[in-house]
Each structure stands twice: as C-alpha cells, then as structure tokens.
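Visitor: I'd like a close look at one part of this protein: its aromatic rings. Please keep it brisk.

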Amino acid sequence: MKRLDIDLFIFDEGGVMIRDFYVLPEMARRLGLEQGTLGDMIRPDMGDYSRGRIDGAEFWRRFAQRTGIRPGADYFASLFHPSPIPESFALVRELAARHRIVCGTNTIDSHHGYNDSHGFYEGFHKVYASHLLGAAKPDPEFWLTILEEEGVLPERCFFVDDMQANIDAAAALGMETWLFSDPAALRTHLESRGAFAPSLADPSL
C-alpha cells in the first residue's frame, strides 16, 4: 500500500458535499427565459459576485440595468435549498480525525450563509469561500491563498472537485487531484492509499 503523503485535503462543496444546489433552471422558468439565455445574462457579473466584489443587491441592480428585467425576489437566495450527500459527510468526518481537511468552494454570500446555518460545512476544520477570499476557482490565486494560509506546499495537497476545469487548474499547480463522481469511488481510492490508517491519527487537529 502506497503511503498517502498529504498534509492537507481540500474538498469542493457543491456537487461533492451537497446536491440539488443548481438554481438556474427554476430561475429561468420563473423569469420566462430559456436557461441558456439566462446564463448569458448573468454571466457578466457572476465573476464579481462569486469573488465578493459585489453583493446580491448590486448583482441584481446590474442585472436589471443591463436586461430591463427586475425579479421580485433574490432568486439566488430563495431558490437555494440543497440537500446533503451523507456518504460524503461520513468520509469527511473520518478524514478529519486523521488529517487536516478544509472546504474550498466557489460561492456567494447567501449560499454561504445557508450552508453554514444548515450544517453543510460540518466536519471541516476550516472553510475557504470564494466571495471571502476574493478569488474563485479556477483562478490559481484561489488555491495559492489557501495553501499560504495553511502553510502547505501544493505537492502535499489533495484536492477534490466535480468540475474538470478546476481539477486541471489545481493539477497544474502540482496538487494531487480527484475528479469526484461519487463518495464510494473516492473512499475506495483513499483506502487504497492508506488515508484511513489508524497510525495517521493526530488528536491535535
């Protein structure tokens, strides 16, 4: 069994820890738009929103100014009702007993607040959210900021995400990566690497 020489695990949130988080289809339906059309409409400001450069009120002000559409609610907040993936949370809890594990997520203020209040960051030693970091995946700065804060070299980091673009960007920095499909496959891989060996337990984490 190959020894897993990892000092830090970084797990994505949406698609890895939670499901049913994608609000665009229902948002498009309520606005009477095709999903692709709505995606094109929100894209110009989503980068600033997910990086914390603007808040929800400013996002929708810009959206209305650009499109002439004024939604009656903040749909990003009101339609966001994800559900947990229990097997992923069990995996995180087991890893957290032996390793340093953090959540690294692209998010916005309302989604971050929902996740936090509903226990969807449970098990992680720390959460790094893009709107608070000022950088979002796949920006290299997203991971470099986390690695600097954690005092870990890229080659000593294991990153899990469900998006190939994010996996590719992290791998380019030298991190070991895993493209998430389901928790069982990830668990099998980590078990084969010795990630759950009792000798790795560190009560100081």
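Visitor: Which charged end sits over the ring of Phe196, and how far is it from the ring's centre?

Guide: The charged end of Arg187 does, 5.5 Å from the centre of the Phe196 ring. To count, NZ of Lys or CZ of Arg must be within 6 Å of the ring centre and within 35 degrees of the ring normal. A caution on the source: this is a predicted model, where local features need pLDDT of at least 70, side-chain atom pairs count only at pLDDT 80 or more, and totals for chains, interfaces and linings use all residues. Residues are numbered from 1 along each chain as its sequence is written, and side-chain values use heavy atoms, with hydrogens and water left out.

Now ring against ring. Rings of Phe, Tyr and Trp (its six-membered ring) pair if their centres lie within 6.5 Å; planes under 30 degrees apart are stacked, over 60 edge-to-face, the rest tilted. That rule gives twelve aromatic pairs. Take Tyr49 and Phe76: their ring planes stand at 70 degrees, with centres 5.9 Å apart, so this pair is edge-to-face. Tyr49 lies in helix α2 (residues 35-50) and Phe76 in helix α4 (residues 75-78), so the pair links distant parts of the chain, 27 residues apart. Helices here are DSSP runs (H or I, at least four residues), numbered from the N terminus. Tyr49 and Phe76 are both buried, meaning under 20% relative accessible area with a 1.4 Å probe, protein chains only.

Tyr114 and Phe120 make a tilted pair, 6.3 Å centre to centre and 45 degrees between planes. Tyr114 is buried because its relative accessible area is 18%. Phe120 is buried too, at 7%.

Back to Tyr49: ring pairs join it with Phe59, Trp60, Phe63 and Phe76 in a cluster.

Note on methods. Helices (H or I, at least four residues) and strands (E, at least two) are DSSP runs, numbered from the N terminus. Buried means under 20% relative accessible area, exposed over 50%, partly exposed in between (1.4 Å probe, protein chains only).
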